[in-house]
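I opened the notebook to record what I looked up in this structure, entry by entry. The cut-offs are set down where each term first comes up.

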Amino acid sequence: MEDTQSSGVVYSRKELQEIPKEIFDLALREPVKALDLSYNLLGGSEIEDLGGYARPRQLPADKSDSKSMYNSKTARQGASLDAVQIRRSNSLQKESPQLRLPHLEHLWLTANLLKHVPDELSNLKGLRTLWLNSNAIQDVPASFAGLVHLEILSLNYNLIGRLRPEIGCMISLKQLLARCNRLGLSEDSRFSTIPAQIGLLTRLEVLDLAENKIVSLPIELGRLSSNLERLNLEQNSLRFPSEGIIVQGRTRVM
């Protein structure tokens with residue numbers, strides 16, 4: 001077992017190619033709230049398990065049901081074979097599926113081999129911070145709309161070409177970090193690089209979009225002016241707002 005402190009587990013810089021079983025074993029004994037898997041060799045298919053469900057156990061049949069199931073008197077009264085088989089199957093009750101990491105709040109996947117982010121991560125509804133920087137991710141899945149408690153999403157240093165409109169559903173976001181991606185180079189012309197729905201993130205305090213190829217920003221960005229403390233748009237190709245306005249700072253841009 002690796003370092004464990006304050007309900008956290010650290011497995012960084014281990015050249016891991018799969019998720020260690022020990023993490024899930026620990027989660028059966030105590031809540032795992034923080035997990036650091038940074039600087040490993042994990043791909044998208046390997047991290048699916050983080051948002052997966054444990055295999056449900058079969059519960060033993062109730063003894064009273066068992067007795068009645070095989071009661072000869074019931075059989076003599078004409079109970080059909082089908083009815084007996086139905087009761088037998090019902091007696092093998094199953095537990096509801098449970099997430100393998102139901103208490104996870106903080107997840108670091110920095111500097112792995114991620115080219116895509118599996119939808120299974122969106123099952124981790126309690127996530128508050130998610131660090132996906134320094135991978136080769138090309139898109140953020142629409143299913144992330146379900147991460148309504150996420151406060152920090154770090155996507156720095158990836159290959160993301162656009163932000164999906166569903167990002168507007170992540171209403172708890174305080175920091176959205178997407179520095180040094182490919183925003184503005186998306187080949188899908190049906191969507192804006194920065195969607196208008198970003199204006200729904202009214203709790204946003206930090207928005208870092210520096211070192212991209214962004215040409216324009218939606219006017220809805222102005223809705224964030226009350227809470228936004230830091231807006232970084234350096235090294236883009238912005239035509240709207242103009243460079244002259246940008247250099248005057250966040251207040252003029254908003």
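Is serine 134 buried, partly exposed or exposed? I find serine 134 partly exposed, with a relative accessible area of 33%, where buried means under 20% relative accessible area, exposed means over 50% and partly exposed lies in between, with a 1.4 Å probe and protein chains only.

Before going further I note the basis of these entries. The model is predicted, so that local features need pLDDT of at least 70 and side-chain atom pairs count only at pLDDT 80 or more, while totals for chains, interfaces and linings use all residues. Residues are numbered from 1 along each chain as its sequence is written, and side-chain values use heavy atoms, with hydrogens and water left out.

**Positive phi.** I looked up the backbone at serine 134 as well, and its phi is positive, about 60°, although serine 134 is not a glycine. Its place is in the loop between E5 and E6, where strands (E, at least two residues) and helices (H or I, at least four) are DSSP runs numbered from the N terminus. Cysteine 180 also came up, with a positive phi near 55° in a residue other than glycine. I place cysteine 180 in the loop between strand E7 (175-177) and strand E8 (206-208). I keep in mind that most residues other than glycine have a negative phi.

**Chain totals.** I count seven helices and nine strands in the chain, and buried residues make up 40% of its 254 residues. The chain exposes about 14200 Å², of which carbon and sulfur atoms supply 46%, the areas coming from the Shrake-Rupley method with a 1.4 Å probe, and for residues only the protein chains shown count as cover. Of the contacts (heavy atoms within 4.5 Å) between residues at least 6 apart in sequence, 54% join residues at least 24 apart.

**Helix H1.** In H1 (residues 21-29) I find Ile23, Phe24, Leu26 and Ala27 buried. They lie on the same side of H1 because they cover an arc of only 155° around the axis, the arc being that of the directions from the helix axis to the C-beta atoms. Lys21, Leu28 and Arg29 are exposed on the face turned away from that buried side.

**Charges over rings.** Here I required NZ of Lys or CZ of Arg within 6 Å of the ring centre and within 35 degrees of the ring normal. The charged end of arginine 100 sits over the ring of phenylalanine 24, 3.8 Å from its centre. Arginine 13 lies over the face of tyrosine 39, at 4.0 Å from the ring centre.

**Cysteines.** How many disulfides does the structure hold? I find zero disulfides, a disulfide being a pair of cysteine sulfur atoms within 2.5 Å. Cysteine 169 is partly exposed at 39% relative accessible area, and cysteine 180 counts as partly exposed at 25%.

**Two buried sites.** Proline 141 is in the loop between strand E5 (129-131) and strand E6 (152-154), and I find it buried at 12% relative accessible area. Residues up to four places away in sequence aside, proline 141 touches Val117, Asp119 and Arg164. Threonine 129, in strand E5, is buried at 9%. With neighbours within four places in sequence left aside, threonine 129 is in contact with Glu105, His106, Leu107, Leu150 and Ile152.
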